[in-house]
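Student: Please take me through one part of this model in detail. Keep it brisk.

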Amino acid sequence: MSMLPKIVIIGGTGAQGFPAVRALSESCKYEIVALTRKKSSEQAQALAALPRVSLFEGTYLSEDDVWELFKGAYGAFVNTDGFVIGEKAEIFWGMRIFEIAVAQGVQHYIWGNVIYLTKQGGYNPKYRSGHTDGKGRVAQWLLAQKLKQVTVSVFTTGAYMNMFWDGQFNPQKNEDGSFTFYSSIGDGIIPLVALEDVGPFVSWIFANKERSSNLNLIAMTDIPSYPTVIAAFEKVTGKKAHWKDLPFDQFAALRGMTDEAPAAFAAGPGEYNDTTGMSVKANFRGWWNAWRDSIFTWKDVDVGLLDEIHPGRIRSLEEWMTRVGYNGEHRLVLKDVVDVHRRLAAE
């Protein structure tokens, strides 16, 4: 039996979780146990192929599974998915998972968080975004615990820079080979994080228990305006780009977001599905309102700490595009979108 500390990962098959698991595996300091709903899935098997990583098949919506998952665990990185279970369930399970982890003796608990937009915007309802607010409320509750026997850390990110491949940001390719980027942001700015840098930040948190105690580490790569996005794309790719900023209703129609579809759009057949929460359109209306009004800026980020933790981090959208070979073509990145595409293809 390995004598390395056991780290439990919830959300390890997701876009953010995978680089965290990979970095922890590469550190050779831990045995990692990743929760997955289906061990045979492509994402789960990719995790299982990493050294010192094993899988636990189950769901964090089952207390029995959570109790078993945390047996003998030293640490945890928990990143639940509001797009699967909905805002209300994410709040409950975000709290309940922590309670069980503490009862099972976990000593270091990291919560995967995003910007709490309703609070960041002074509780103005125009910024209400369920998938951010659910996580943000849990983060505030966790930081208020201040337990002697367990270190709590929060890891907060913005929108994924990688969503320029797939998600709210990917452009449309035109017949002449140019690309059109769509938004609903006006003169605002959008906080972005490169998923390629998630792993070093999570590894640092686990390796620096005292410094990361009750720390909300806000990891941002760039906070650009859309003219900056277009300039970076054209410089890196040599391709022509256009920017069309739309009223939100038009943007939502373009992206297929409606008031009939729930924000928890990624729940599969037989899975928990909360249809009483926000619609996906209302959810992202608040999200884009926040960026249009630039309610989050570099003043909210400890850039010096990010530089200390990860000196080689990516520092701009242009640098990210260069490193990953971004070309504007569509590529599936987000696990929720991948899962939905696979279900539709199987029907």
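Tutor: UniProt lists residues 6-254, in an unreviewed entry. UniProt positions are given here in the numbering used for this chain, feature names are shortened, and annotations may be inferred rather than shown by experiment. The model is predicted: local features need pLDDT of at least 70, side-chain atom pairs count only at pLDDT 80 or more, and totals for chains, interfaces and linings use all residues. Residues are numbered from 1 along each chain as its sequence is written, and side-chain values use heavy atoms, with hydrogens and water left out.

Take the overall span. Residues 6-254 are 37% helix and 22% strand, and their end C-alpha atoms lie 45 Å apart. Helices (H or I, at least four residues) and strands (E, at least two) are DSSP runs, numbered from the N terminus.

Now the sheets. Seven strands form an open, parallel sheet, ordered S3-S2-S1-S4-S5-S6-S11. Two strands pair if DSSP finds at least two bridges between them. Strand S3 (53-57) and strand S11 (215-219) are the edges, each pairing on one side only. Neighbouring strands are turned by 20° against each other on average, direction ignored. Strand S6 (residues 151-157) pairs with S11 over five parallel bridges. Ser153 has Leu215 in S11 as its bridge partner.

Helix H5 (residues 87-103) lies across strand S1 (6-10), strand S4 (75-78), strand S5 (108-114) and S6. H5 runs at about 170° to S5. Axes are lines fitted to C-alpha atoms, for helices over the stretch in contact, and angles run from 0 to 180 degrees between N-to-C directions. Contact means heavy atoms within 4.5 Å.

Another open sheet has three strands, in the order S8-S9-S12, with mixed pairing. Strand S8 (172-173) and strand S12 (241-245) each have a single partner strand, so one side of each lacks a neighbour in the sheet. S8 and strand S9 (residues 179-183) pair in the antiparallel sense over two bridges. Lys173 has Phe179 in S9 as its bridge partner.

Next, helix H8 (residues 198-207). Eight of its 10 residues are buried, meaning under 20% relative accessible area (1.4 Å probe, protein chains only). Among them are Phe201, Trp204 and Phe206.

Last, helix H9 (residues 226-237). H9 packs against helix H13 (residues 317-324) at about 35°, with axes 9 Å apart. Val229, Ala232, Phe233, Lys235 and Val236 of H9 meet Leu317, Glu318, Met321 and Thr322 of H13.

Note on methods:
Buried means under 20% relative accessible area, exposed over 50%, partly exposed in between (1.4 Å probe, protein chains only).
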